[in-house]
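I opened my notebook and the structure side by side. Here is what I looked up, entry by entry.

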Amino acid sequence: MCNLSEGVMRKGVAKGVTKGVLSSIQSLMKNMDLSEEQAMALLDIPEKERQGYRDLLKKQ
């Protein structure tokens with residue numbers, strides 16, 4: 001696979017993972033009545049990544 005294809009594939013995988021994590025956070029918040037922080041803690045999301053997910057959740 002060429003470098004361009006690999007880059008496109010990695011970007012797509014990263015986007016899919018991000019959507020999955022956001023979906024999991026939202027499900028925990030809704031179904032278990034948790035805060036964003038509690039949901040991210042249960043999912044073991046590293047502290048340094050949490051602000052990025054907070055920002056994405058606000059956009060939705």
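**Helix 1 against helix 3**

I began with contacts (heavy atoms within 4.5 Å). From helix 1, Thr-18, Val-21, Leu-22, Ile-25 and Gln-26 meet Tyr-53, Leu-56 and Leu-57 of helix 3. Helices here are DSSP runs (H or I, at least four residues), numbered from the N terminus.

I noted that this is a predicted model, where local features need pLDDT of at least 70, side-chain atom pairs need 80 or more, and totals for chains, interfaces and linings use all residues. Residues are numbered from 1 along each chain as its sequence is written, and side-chain values use heavy atoms, without hydrogens or water.

Next I looked up the axes, which are lines fitted to C-alpha atoms over the stretch in contact, with angles from 0 to 180 degrees between N-to-C directions. Those of helix 1 and helix 3 (residues 47-59) come within 11 Å and cross at roughly 75°. So helix 1 is roughly perpendicular to helix 3 (the word covers 65 to 115 degrees).

**Arg-50**

I found Arg-50 in helix 3. Is Arg-50 buried or exposed? Arg-50 is buried, at 11% relative accessible area (buried is under 20%, exposed over 50%, partly exposed in between, with a 1.4 Å probe and protein chains only). Beyond its neighbours within four places in sequence, Arg-50 touches Glu-37, Met-40, Ala-41 and Ile-45. I also checked Val-21: Arg-50 is 29 residues away in sequence and 11 Å away in space, C-alpha to C-alpha.

**Met-9**

I placed Met-9 in helix 1 (residues 3-31). Met-9 is partly exposed, with a relative accessible area of 46%.

Definitions and conventions
Helices (H or I, at least four residues) and strands (E, at least two) are DSSP runs, numbered from the N terminus. Angles under 35 degrees count as roughly parallel, over 145 as roughly antiparallel, 65 to 115 as roughly perpendicular and the rest as oblique.
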